[in-house]
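Let's work through a few exercises together, one step at a time. Keep the structure open as you read, and try each task before looking at its solution.

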Amino acid sequence: MNRFDPASLAAGLVICALGTLLLLDQLEVLDLRFGYLWPALLGTIGAILLAFGLTGKRR
Amino acid sequence: MTGMSAAATPPPLRRDRGDAVIGGVCAGLGRRLGIDPIVLRVVFIAATAAGGLGLVAYGLAWALLPAEGDSRAPALRVPGSRDSWSVATGIGMLMFAVLLLFRQWGLWVGDALVWPFVLAAAGGALIWRQSASAAQPAPEPTEVERRRAGNSALGRAALGVGLVVGAALLFLYFNDQLAPARDMVLPVVVVLVAATLILAPFWIRLVRGLADERAERVRSQERAELAAHLHDSVLQTLALMQRQADNPRDVAALARRQERELRAWLNGGRPFGERSTFKAALELAAAEAEDAHGVPVDVVAVGDAQLDDHAEAVVAAAREAIVNAAKFGEGAAVSVFAEVRDDELEVFVRDRGPGFDPGAVPADRRGVRESIVGRMERHGGTAAIHSTTGEGTEVELRMARA
Amino acid sequence: MSDAPTTPQSPPPADPPPVPRRLTRSSSDKVLAGVAGGLGRYFDIDPIIFRIGFVVLTLAGGAGVLAYLAAWVLVPEDPVPGQAPTDRSRAATIAGAAVLALAAIVLLGHGVFFLAPPLIAIGVIAIVGVLLWRAAGGEHGGTPAAKIGLTLLLIVVAALGFVAVAFGAALGGGAVIAGLVIALGGALVISSFLGGRRWLVLPALVIAIPLGFVAAAGLDVNGGVGERDYQPTTVGELKDGYQLGIGQMRLDLTQVDLPPGRTPIDLDMGIGSVRLLVPDDVCVASDVRVGAGYTRVLDRDSGGLDVDWRQSPVEDAGVKRLVIHGDVGIGELQVINSRSGFTDWEGDKRVDDAFDRSFDFGRNRIADLSPGVDANAGCKEAA
């Protein structure tokens, strides 16, 4: 089935954002500390769960 | 037609949500192993007390075993309980993340105030939602659904109360008031326990009396419903049939229609004629064709599915095939067999009419054929028409499910 | 004449699943509530054995009474012949289970409920992982045994992945790994137009999470592993910076005669502990960053996550000043002089206090270990 899956799109974008954040930290542009890591991680996982939950795959 | 022998397989290992206390793990295991779930519950509790293993094992089993209760209820509601868990957890995590971000940025009143407040708000929201949804019951739930809804309502209310209590304890802990609070609470608890022990027998008797009364009320209500239904439909049909006594065909049609309605009412409690699912739509199409052309149409449907575009297409194509069979089958009965599998929908429409030679097809019938095959193929399915002169016709429709 | 239409055969009904034999309280063989009678009937053993058991358990701590009461509530009575067996209400079952749990605790005494933390942690991680997998649409039938096996395999792979990524990031490959995360995210975006490959979320998270932790802690394990002990005797032997990847580093500067004015020193530790002993007459200024752990300079300490410590006392002219720049990923950094000892984390009450006060997740509260006494007296010129 080649239908557009919006949940995958949302999850992909959120993961790209997280990866960019990590990359910027590794390149010393930002300084990621735990105080910012927790919101970033929790927000990413929360957004992914939300996206998957709203568009549940039918079986 | 594929053979339909069902090999005897042992019942699969599933959670049993209908019989569940918490997650149905013990009920499902008990069913599979043939022992009383109570024994398993005792084992889990003992294992929990001896190091916490029971909790971990129960949690793993809960997450790994699929739920049996799900497949029993027809697939009507789109957001299943699993999906709403994902949504709720997702939203919770996002809000938690925002809170932590504010904390990092310094827009913060103080740990001792915010966290207890958040917990209390969450608990309060759960309790509130519980009482709100209890005030508006879902329309016509089946017995299993009602019981499960009651159970999950109890669970949610308990969780809400637990959260509020946790918030209070957390607040006291942050302000170093935990020990003094305990000293104050202990006498109150002792008095409460003593009072409960004294009043328990009266309470139990009262509750049991209420339950009996409610059961009696439900029984009489059901009796009234049955009487009303009999009066409305069956008696009227019988009266009609008497009036049409010299028209055997009409009498037969009336009888068939009433039989269908009564059978549907007895089986599901849902009024016949609702186009809610694939199976219902198919049966409705068959009934309409039967009424219109006076040819008996038998429908056997295994499984059910939601009525999405693909299913609608199948129903429409099947309707064409049935009407076709009724029109050109020279009065022979039409049989429809539909099967809903995990990956595809299958419908077979058969008649024992004169059949036709696929090579020599009159023009108008070829158009009809195109509307069946064409419609299926437009939605990604397939249609095949097999016919032999003198042997009847079979239309085979297949559509892959999303 | 057309024969009767052949109705397609529906599959014959499968055998109904075996109904479990129910445990019920006996109505015929009852002394009190029929619990022992019912148990005896269910297990096919003489009920007298259960009666003796209950009495013995009662004598040994009262658990017998509790268990009997629990069974009374939990287990339904014999059904009246002709009616379907009744089920217990849910509330009654929960109450009964709670009483049973109490009985178990009473019976098993102290060894109870020491929830083995690692087991619980693994269990929780496993459950979260399974839920994520199912949310991503991982269920596709198959026997439960195969699914459980597959899930456990996934969990093991994920755990190994965590460790591998953590090490890779800590050794300096963090940028590449971050790029990998972005790539996976991009793949997920592209796949969304082709039907969506939701399971890509799992490897992306397995890679991103340990990288996040290593990045937040500022963990860098380059520089060797092991124990290092330095005891320079002259200023010449004193290095500008000391670095260790994983292990313990101990630096004793009490033999060194520091020049007046500033002497900078860099301390870098990945995972482990750094301990510095300084002479009494030195003024200590410190700028320490600990990703996760504890730091103590003379008589002040702090701990937790994201510890960001800066202490720059005003010193009189001509005083010797040691400027410490410390960077610890996960671990501790302690600077003391001869008047105090290192705090160790083995039940030292003072450490417990410090932890309670200071372990506050990034708020960086600094605690004074000896209020009223200034351990950094070296900053004032000796009279």
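This is a predicted model: local features need pLDDT of at least 70, side-chain atom pairs count only at pLDDT 80 or more; totals for chains, interfaces and linings use all residues.

**Exercise 1. Work out the strand order of the open five-stranded sheet in chain B, and find its edge strands.**

Step 1: Follow the sheet across, and the order reads E1-E2-E3-E5-E4 in chain B, with mixed pairing.
Step 2: Look for strands that pair on one side only; these are E1 (297-302) and E4 (382-388) of chain B.
Step 3: Going from one strand to the next, the twist averages 10°.
Step 4: Zoom in on one pair: E1(B) runs parallel to E2(B), residues 334-340, and six bridges join them. Here B:Asp298 stands opposite B:Ser335 of E2(B).

**Exercise 2. Describe how H10(B) and H11(B) pack against each other.**

Step 1: Two packed helices are described by the angle between their axes and the distance between the axes.
Step 2: For H10(B) and H11(B) the angle is about 25°, and the axes are 10 Å apart.
Step 3: Angles under 35 degrees count as roughly parallel, so H10(B) is roughly parallel to H11(B).
Step 4: The crossing of H10(B) past H11(B) is right-handed.
Step 5: Now see who meets whom. Residues on the H10(B) side include B:Phe278, B:Leu282 and B:His293, while those on the H11(B) side include B:Val315, B:Arg319 and B:Lys327.
Step 6: Sorted by class, the residues of this contact between H10(B) and H11(B) are twelve nonpolar, one polar and two charged.

**Exercise 3. Describe the contact between chains C and A, looking at the side of chain C.**

Step 1: Count the residues: chain C gives 33 and chain A gives 33.
Step 2: Identify the elements of chain C that give two or more residues to this side: helix H6 (144-192), helix H7 (201-217) and strand E5 (300-311).
Step 3: Pick out the largest share, which is the 13 residues from H6(C).
Step 4: Sort the chain C side by class, and you find 19 nonpolar, eleven polar and three charged residues.

Terms used
Residues are numbered from 1 along each chain as its sequence is written. Chains are lettered from A and ligands numbered from 1 in the order in which they are written. Two residues are in contact if their C-beta atoms, placed from the backbone, lie within 7 Å. Helices (H or I, at least four residues) and strands (E, at least two) are DSSP runs, numbered from the N terminus. Ala, Val, Leu, Ile, Met, Phe, Trp, Tyr, Cys and Pro count as nonpolar, Asp, Glu, Lys and Arg as charged, and the others, Gly among them, as polar. Two strands pair if DSSP finds at least two bridges between them. Axes are lines fitted to C-alpha atoms, for helices over the stretch in contact, and angles run from 0 to 180 degrees between N-to-C directions. Angles under 35 degrees count as roughly parallel, over 145 as roughly antiparallel, 65 to 115 as roughly perpendicular and the rest as oblique. A crossing is left-handed if the near helix is turned anticlockwise from the far one by less than a right angle, and right-handed if clockwise.
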